[in-house]
Amino acid sequence: MRRRELMLLLGGMAMLPGPIGRAQESGRVYRLGVMVRGPREGVDFVALFDGLRQSGFVEGQNLRVEGRFSMRDEDAPEVAMALVAAGVDAILTGSHHRTRAAQKATQSIPIVSVADDLVLSGLVSSLGHPGGNTTGVSILATELDGKRQELLIELVPTARRIAALVDPTATAPEQLRALENAARENGIDLSTHIASTPAGILPAIDAAKARGAQALNVLASGLYSGNQELIMERADTFQLPAIYQWPETAEAGGLAAYGPRYSDVYRQQIARQLVRIFLGAKPADLPVEQPTKFELVINLKTAKALGLTVPQSLLARADEVIE
């Protein structure tokens, strides 16, 4: 094990409260409310419940899960109110919209959120001192969207026109301006195409292709993560090289992806924060975490289908290359 990995492991262990078994209340069933877009069987939630199980919180024994998986954004206020009425011990949310709905419903029940930028969206006061009843994991969306654009330019060096698929609820205007400026410095014409609902995704990609896009940067968004197959299929139809947020997307058939793994974020960071809250910690006292490990995954099978030759310099830097 490399020294950096060892330090990260020890740091994570240090953040856990003392002996978990002795800290739990005997006979108590802890109630976790969920307001998430993904399915219960998704890799992120399988990882989450595995992480909770390792810390002594087992669904069906001392852990009860309520709320809704695979939920629509428009249902968030109703689900949030139902969870508050049920008196759950903590609420897990994904995306800015669902987190904000939970915050409107309660100022006392702890909320743990996975969002692209918790500070920029105004959901917490700061990373170190979130304040209020919300903490969670902030995915570094602003920085990573820019890095993915750089990688896409390197991946498709002949492209002079690149499109960005944008969820305006997850990407701030100043972030878009930064991407446009960076593209311009590289001689790239960047067009932005808005999709804030599932129904808007395919028309936005169609518009990008009509605009002459030669590659697609799928910006960070819970909406896009929940509809990755739809996006990949359309990109394949148009023979449009695309880069995604989560490494798992490239493993599922996307051309390339750069970012943290779903499983790491949920099994390690989100599970750890929920455990501490179950044992009495206050969200205001739990710093918002950020991913500590990022992976570049390139799918050569997809590249071949697109007729794309991936530069050796990029392959050499990849954490995983799918042959």
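**Sheet, helices and a pocket**

Tutor: In this predicted model, seven strands make an open sheet, ordered β7-β6-β8-β9-β10-β11-β12, with mixed pairing.

Student: Which are the edge strands?

Tutor: β7 (189-194) and β12 (320-322), each of which pairs on one side only. On average, neighbouring strands in this sheet are turned by 20° against each other, direction ignored.

Student: How many bridges join β11 to β12?

Tutor: Three, and the two strands run parallel, with β11 covering residues 295-299. N299 has I322 in β12 as its bridge partner.

Student: OK, helices now. What does α10 touch on the sheet?

Tutor: α10 packs there against β6, β8 and β9, and its direction makes about 165° with that of β9. Helix α6 (residues 141-155) lies across β6, β7, β8, β9, β10 and β11, running at about 150° to β10.

Student: Switching to β1 and β2: parallel or antiparallel?

Tutor: Parallel, over six bridges, between residues 30-35 and residues 63-68. R31 stands opposite R64 in β2. Together with helix α3 (residues 43-54), β1 and β2 make a right-handed β-α-β unit.

Student: And the second largest pocket, what's its volume?

Tutor: About 470 Å³. Its lining has 26 residues, and G38, D44, S225, G226 and Y262 lie nearest the centre.

Student: Which element gives the largest share of that lining?

Tutor: α3, with three residues. Elements giving two or more include α9 (222-225) and α12 (262-278).

Student: How many charged residues in the lining of that pocket?

Tutor: Six, alongside ten nonpolar and ten polar ones.

How values were computed. Residues numbered from 1 in each chain as written. Predicted model: local features only at pLDDT ≥ 70, side-chain atom pairs only at ≥ 80, totals over all residues. Heavy atoms only, no water. Pairing = 2+ DSSP bridges. Helix = DSSP H or I, 4+ residues; strand = E, 2+ residues; numbered from the N terminus. Right-handed = clockwise from strand over helix to strand, strands pointing away. 1 Å grid on protein atoms, 1.4 Å probe; cavity = no way out; pocket = protein on both sides within 12 Å on 5 of 7 lines; lining within 4 Å. Points joined across faces, edges and corners; volume = space filled by probe spheres on them. Nonpolar A, V, L, I, M, F, W, Y, C, P; charged D, E, K, R; others polar. Axes fitted to C-alpha atoms, helices over the stretch in contact; angles between N-to-C directions. Contact = heavy atoms within 4.5 Å.
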